[in-house]
Amino acid sequence: MVLCTPHAKVPVVRACTLQAGPLKGSMPTNPTHLQGQGRLKPHLPVRSLTLSKSMETPAAKSKPAANAEAARAEFCRAGIPDEVTSKVLRQYQSYQRWDIDTKLRPALKLWVEQFGSQQLAARLHKNPRLLLRTPEECSGVYLWLASIGADAERVQHQVPDVMVRPLDQVQSTVWAVQQVLQLTDDQLPAFLKRHAGCLLFTPARVGQTLHTVAELLAVPVTSEDMHEVVMLCGQQLFKPDSAKLSQLVSFFCEEFGGGQHAARSALRSNIYQVSAETMKARAAELRALLGWTEDELNQGVTTNPMVLTLRPSTVASNMHKLQAHGFSSTQAMYVFASCPSTTGYDWSSNANREKLTYLRHVLQLSLAELTSRPVLLSTSLARKIGPRSEFLYACMGINPDTTLAVSSVLSYIQTYSDAKFAAHFNNLSANPPLVYDDQFKRHWQQRWTFLVCEMGLSCADICACRPLLQTSVLNTLAPRWQFLVLLETAETHFKAVDHLTALATLSDEHFARAFSSASTGLVYDQNFMHCARGNLSRFCC
């Protein structure tokens with residue numbers, strides 16, 4: 001959400017330089033563009049940023065600082081809950097030294113008038129330093145980032161402190177990135193999406209970090225190779241200073257070998273957040289737990305440095321759990337190395353067991369195929385794998401028994417965005433009434449939950465009767481399953497699970513003829529269906 005009203009005015013600044021200072025006084029009303037090819041060009045005209053008169057009176061500088069209890073009482077008066085106030089005053093203690101009448105109260109009043117107490121509390125919980133700037137100033141940073149094509153909402157969510165930096169300082173940092181990497185205006189938004197955290201730091205620090213990365217990789221800072229690596233680097237790249245970054249990555253390469261390959265892996269995995277002593281200790285423990293030789297340890301660590309960012313016991317446990325599903329030690333290590341996020345997954349959890357079972361038995365993928373496509377193992381079953389593979393099965397006949405197998409479209413399942421997947425496959429649908437959208441995904445998730453949790457079916461059972469995943473829970477699955485379970489209770493030799501195909505495919509009339517029983521008095525009719533649906537309103541398919 002934008003930190004401003006639709007009519008909020010946005011501040012205008014001059015073209016920023018690497019030495020740009022804070023905004024002072026009034027600024028020109030006409031926009032000034034940055035010169036030079038590929039340089040950032042601010043698009044939004046804005047006026048100068050000034051605090052309200054009550055916030056800039058001489059008394060604000062001269063009156064004694066407010067104590068903690070007075071500051072707490074003021075937050076309470078503004079409608080901020082105690083738990084939020086405690087966090088804010090703990091993380092930014094300077095509020096306790098602000099003058100109540102001329103600084104703290106006017107700041108709180110300004111934000112409450114703009115957003116209300118509830119929204120302000122939510123914003124302060126996420127960004128305790130919010131009161132350092134006015135809503136207008138924060139909206140200026142937000143709108144300016146949006147004007148250059150950056151995802152301002154994402155920046156605000158990931159690093160909210162950026163919104164309370166002076167606009168000219170944010171611009172100076174962005175321009176420094178462009179200067180050092182020689183990015184075009186079109187390339188800049190992608191960089192900021194990956195490294196929004198750099199906007200918290202000065203141009204000098206950001207430039208030093210980028211030059212350090214180039215030195216570690218032994219490539220020119222403006223080279224394509226440098227751009228590629230930086231876009232794959234961990235999102236905490238700019239958090240350590242350049243000296244610490246160089247020291248930790250160099251230690252990693254010297255300790256475990258691998259040269260430039262090791263440096264690339266280390267930069268991509270946030271290993272520079274771990275001290276040298278911790279790296280060494282974790283490597284030794286990991287070697288003992290997994291029974292690796294020194295060469296195996298060095299290869300494993302340089303291929304996937306993420307193993308040193310987790311507790312060795314966690315890494316070893318997760319590897320053994322993945323092997324328990326049939327993967328060999330080599331395959332498990334390849335999966336972890338190719339898709340590092342899987343290193344931290346608990347492969348004995350219900351969600352991961354269910355995902356593996358679906359991939360193995362419903363999509364009939366071999367362990368070798370899963371090893372060659374490790375990203376699938378980090379892809380959500382409920383949000384992507386399940387609904388997308390079912391859509392392809394229902395609309396295009398793509399399933400393991402046809403010549404066009406699911407494996408031929410796995411890249412679409414695991415990498416396409418929802419919008420791109422829908423645009424690509426809705427037009428190819430052989431069944432026009434079916435459209436891949438949020439409703440289709442929601443219905444698939446409800447059916448899967450009912451089949452697995454309510455009916456207790458295994459993936460093998462569902463795979464043997466795929467029409468189950470295309471059947472309405474509320475109108476068909478739920479009432480019919482309840483009826484079959486009642487029959488099973490009444491008749492000794494009757495098994496509800498033996499009649500899944502009939503449950504999923506017969507019309508109501510034919511199902512009633514086939515299963516209504518005079519001997520038990522059970523009749524499948526509209527009255528029974530109405531009663532059965534009564535307790536299942538949470539399933540709205």
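1. Of the contacts in the protein with a separation of 6 or more, 71% are between residues 24 or more positions apart, a contact being heavy atoms within 4.5 Å. This is a predicted model, in which local features need pLDDT of at least 70 and side-chain atom pairs count only at pLDDT 80 or more, while totals for chains, interfaces and linings use all residues. Residues are numbered from 1 along each chain as its sequence is written, and side-chain values use heavy atoms, with hydrogens and water left out.

2. The secondary structure comes to 27 helices and zero strands; helices (H or I, at least four residues) and strands (E, at least two) are DSSP runs, numbered from the N terminus. The protein has 541 residues, of which 47% count as buried, where buried means under 20% relative accessible area, exposed over 50%, and partly exposed in between (1.4 Å probe, protein chains only). The accessible surface comes to about 25,600 Å², and 51% of that area belongs to carbon and sulfur atoms; these areas come from the Shrake-Rupley method with a 1.4 Å probe, and for residues only the protein chains shown count as cover.

3. Which residues touch the most other members of the largest nonpolar core? They are Phe75, Leu131, Leu145, Met226 and Leu267, in a core of 151 residues, and helix 4 gives the most to this core, with nine residues. A nonpolar core is here a set of buried Ala, Val, Leu, Ile, Met, Phe, Trp, Tyr and Cys residues joined through side-chain atoms within 4.5 Å. In soluble globular proteins, nonpolar side chains tend to be buried together. When neighbours within four places in sequence are left aside, the contacts of Phe75 include Ile80, Val88, Tyr95, Leu104, Leu108 and Leu131.

4. The structure holds 10 salt bridges, each defined as a side-chain nitrogen of Lys or Arg within 4 Å of a carboxyl oxygen of Asp or Glu. One of them joins the side chains of Glu74 and Arg105, at 2.8 Å from N to O, and this pair links distant parts of the chain, with Glu74 in helix 2 (residues 68-77) and Arg105 in helix 4 (residues 100-126), 31 residues apart. Glu74 is buried, at a relative accessible area of 4%, whereas Arg105 is partly exposed, at 34%.

5. Another salt bridge is formed by Asp508 and Arg480, whose closest N and O atoms are 2.7 Å apart; here too distant parts of the chain are linked, as Asp508 lies in helix 26 (residues 508-515) and Arg480 in helix 24 (residues 473-490), 28 residues apart. Asp508 counts as partly exposed at 32% relative accessibility, while Arg480 is buried, with a relative accessible area of 2%.

6. Within helix 26, Glu509 and Arg513 lie four residues apart, about one turn of the helix, and they form a salt bridge with the closest N and O atoms 2.5 Å apart. An α-helix has 3.6 residues a turn, so residues three or four places apart point the same way. Glu509 is partly exposed, with a relative accessible area of 46%, and Arg513 counts as exposed at 59%.

7. Helix 7 (residues 167-181) has 15 residues and reaches 22 Å from its first C-alpha to its last, close to the 21 Å expected, that span being 1.5 Å times one less than the number of residues. Because 13 of its 15 residues are buried, helix 7 is largely enclosed by the rest of the structure. Just after helix 7, Gln182 takes a positive phi of about 55°.
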